[in-house]
Structure formats: structure tokens, C-alpha cells
Amino acid sequence: MNFGVVVFPGSNCDHDCVHLLRDVLGQAVREVWHKETSLDGLDAVILPGGFSYGDYLRTGAIARFSPVMGAVNQFAHEGGLVLGICNGFQILLEAGLLPGAMLRNQTLTFICKDVHVRVENAGTPFTGRCESGQVLKLPIAHADGNYYTDPVTLAALQANAQIVFRYCTPDGKVTPEANPNGSLDNIAGIRNAEGNVLGLMPHPERCAEEVLGTDDGRLILLSMLDALKQSKVQPAVVR
Amino acid sequence: MKAKIHVTLKQGILDPQGKAIEQALATLGYTSVRNVRVGKYFELDLNEKDKAKAEVEVKSMCEKLLANTIIEEYWFELSS
């Protein structure tokens, strides 16, 4: 499959994504500079973590106006798979491709540690390799991961199974103590209503090889590969 | 025309920075302080003499970029 990894000024997880896709999973990868305006030929696009434009103003607020975002928007609206990781998630929120916004962590600190998340919806193109309720151990590294949205939107997210990952204890209980940043309803990752755009704060690309301590992150990328292969057989399913 | 723009988190949205500052002020003995809200302040010059037009333009800037209206509110003053 052909993956695109968008590179903004200040992205710093782009190489991790490229390494995982190219060296670990054996896929074709194109690094897409933020000034590019075409995603032609790509099967899926990843917005990686980092500090795009120094996170000036708000996280993702300036990156969303990068030239490439017009193409990402179109790609998403045509049903292409888009994965936003950490800063990529923040950019998708600012761009309106996912609902809600990020507030500063309730602790006011930058948090860099492994957390546990529960897979709330295993029926997405990003979680097909997981079981519903499965607990994944993934690292987070952010200062602004305190997800917020209004009560009406939250109810819609819950009703449409758009909450894909929630912070939990190692044995899968969703508790306030397991919530590292104060995010609403322990939200760690959500998808759009159509199901082809996912944003999450944890970094699957940093934990996709056993040598890195956990390879749970690999499940998310393998799920995407499965979904893309299936869509090649039945193009109507995803694209 | 000069614009002075203020952006803060909406009332009702927890402002952890404001809380931390409130606690620090209390520690310093300012115990009557309540509801500290932290925000951003922008100053900019507009090459525009018509106040009504400037107002439309600044409002548009706030909506599109300077504030995220899901979590923030804004207000501004214009002066020549």
C-alpha cells in the first residue's frame, strides 16, 4: 500500500512513522511536505506528532492552514483513511475533520509515559485487529491532550460509537485515576461519523516493535492495512 | 486603525492555568481573589480607516484563527 506521512515544520514523529511503515511493515511511504497540494496515488495519510509551527497560538491552529491541508480535507471527504497522531490529532480538530478541541492538560505539565487505553470500538478500519474491550499499552507525550467538546457533541460521539479509545487502568477499568490529562469521558481517541478519520493522543508508531517494550501500536497500523486491502477488493467499502 | 483583541477560555470551561495562579495568589496572602481566567492578548494595526469594515475584518480573523470558538471567547476594541 502507499502511505503518505505529512511533514510540517516542527513535526518530529514523521521519521518514526516512516520507519514503522517502510522498515517494519514493508509498505511504500511518501513523505509529503506541507507545501504540497496533491495526495494523488496515496491509499492512506498520516498526520504525525510533533510541534507543528511551534504550536504557536494553539496546537495545530496554524498547521491546519498549510497548503497540504486542502488536499487532506479532500482526501478525507472522499473516504480516504486519515490517521492523526498526537499533534496530528490536534490538527484534525482545528481543521474541523474531527469534532472538539484540546485544552491544556489538567496537571499543566507535559506528560511523557506509557498509559493504557481500552478499545471501545473494534469495528473501525483502525482497530479491526483488536477485540472490543482490549487494553493496549501505548506511550503518550503531550501538554495539550485534555479533550473537550460540548455536551451535545459528546452525546453524539457516544451514540455513534465514535469514541474509539479511552484511558483505563491496566485491567481495563475506565476511572478518573486512569485519566492522565483530564480529558472528557477519558477520551484518548475518536473517529469521525463516517469512520475514515481517526485521531488519538497516544503514539502507536513508538511502540510497534518488541524491542521498544510493547508492540501494541502495530495493531492499529495492521488494522489499516487490512482495511485498505479489503477496499482494493471491494472499492465501495472504504473509498 | 489599531485593534486590541482578547481571547480567553469560555466561562464554564475549566482553566487549569487560572486555577494554579489563583492558588499561588492565595499563597501570597491575596485570599479575596476568585475566578482567575488566563487569556491571550493581541495588538495589530489595520490599514483600514472605516471602523465598520475593520470590525468585520477583525471578527473574521478571530473566528477563523485567533480564537477556537469551541473553547474560547473573544472581544476587541478598535481605535484610530
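**Conventions.** I number residues from 1 along each chain as its sequence is written, and chains are lettered from A and ligands numbered from 1 in the order in which they are written. Since the model is predicted, local features need pLDDT of at least 70 and side-chain atom pairs count only at pLDDT 80 or more, while totals for chains, interfaces and linings use all residues.

**Entry 1, sheet of chain A.** I looked up the strand order first. Helices (H or I, at least four residues) and strands (E, at least two) are DSSP runs, numbered from the N terminus. Two strands pair if DSSP finds at least two bridges between them. In chain A, 9 strands make an open sheet with mixed pairing, in the order 2-1-3-4-11-10-9-6-7. Strand 2 (28–33) and strand 7 (135–142) of chain A are at the edges; each has a single partner strand, so one side of each is left without a neighbour in the sheet. Neighbouring strands are turned by 25 degrees against each other on average, direction ignored. For such angles, axes are lines fitted to C-alpha atoms, for helices over the stretch in contact, and the angles run from 0 to 180 degrees between N-to-C directions.

I then checked strand 10 and strand 11 of chain A, which pair in the antiparallel sense over 3 bridges. Gly189(A) is opposite Leu200(A) of strand 11.

**Entry 2, helices of chain A.** Helix 2 (residues 67–77) of chain A lies across strand 1 (2–7), strand 2, strand 3 (44–47), strand 4 (81–85) and strand 11 of chain A. Helix 2 runs at about 125 degrees to strand 4 of chain A.

For helix 1 (residues 14–24) of chain A I listed the buried residues: Asp14(A), Asp16(A), Cys17(A), Val18(A), Leu20(A) and Leu21(A). A residue is buried if 20 or more other C-beta atoms lie within 10 Å of its own, exposed if 12 or fewer, and partly exposed in between, with C-beta atoms placed from the backbone. Gly26(A), with a positive phi near 70 degrees, follows this helix.

A nonpolar core is a set of buried Ala, Val, Leu, Ile, Met, Phe, Trp, Tyr and Cys residues joined through C-beta atoms within 7 Å. The largest core has 77 residues, and those touching the most other members are Val5(A), Val6(A), Val45(A), Val72(A), Val82(A), Leu92(A) and Met224(A). Helix 5 (residues 218–233) of chain A gives the most to this core, with 7 residues. A second, separate core of 8 residues includes Ala3(B), Ile5(B), Cys62(B) and Tyr74(B).

I looked at Met224(A) individually. Not counting residues up to four places away in sequence, Met224(A) touches Ala44(A), Leu81(A), Leu83(A), Pro125(A) and Phe126(A). Contact here puts the C-beta atoms of two residues, placed from the backbone, within 7 Å.

Leaving aside neighbours within four places in sequence, Ile140(A) is in contact with Ile111(A), Lys113(A), Val115(A), Gly145(A), Pro180(A), Met201(A) and Pro202(A). The C-alpha atoms of Ile140(A) and Gly80(A), 60 residues apart along the chain, are separated by 26 Å.

Asn186(A) is in the loop between strand 9 (163–168) and strand 10 of chain A. Asn186(A) has a positive phi of about 60 degrees although it is not a glycine, and counts as buried with 22 C-beta neighbours inside 10 Å.

Asn192(A) is in the loop between strand 10 (187–191) and strand 11 (197–200) of chain A. I find Asn192(A) partly exposed, with 17 other C-beta atoms within 10 Å. Asn192(A) touches Leu97(A), Leu98(A) and Val197(A), not counting residues up to four places away in sequence.

Asn35(B) also went on my list, with a positive phi of about 55 degrees although it is not a glycine. Asn35(B) is in the loop between helix 1 (16–27) and strand 2 of chain B, and is exposed, with 9 other C-beta atoms within 10 Å.

The open sheet of chain B has 3 strands in the order 2-1-3, with antiparallel pairing. Its edge strands are strand 2 (39–45) and strand 3 (72–79) of chain B, each pairing on one side only. Strand 1 (residues 2–9) and strand 2 of chain B pair over 7 bridges, and His6(B) has Tyr41(B) as its bridge partner in strand 2.

Last, I looked up the contact between the chains, which takes 11 residues from chain A and 8 residues from chain B. The side of chain A that touches chain B has 5 nonpolar, 3 polar and 3 charged residues. Here Ala, Val, Leu, Ile, Met, Phe, Trp, Tyr, Cys and Pro count as nonpolar, Asp, Glu, Lys and Arg as charged, and the others, Gly among them, as polar.
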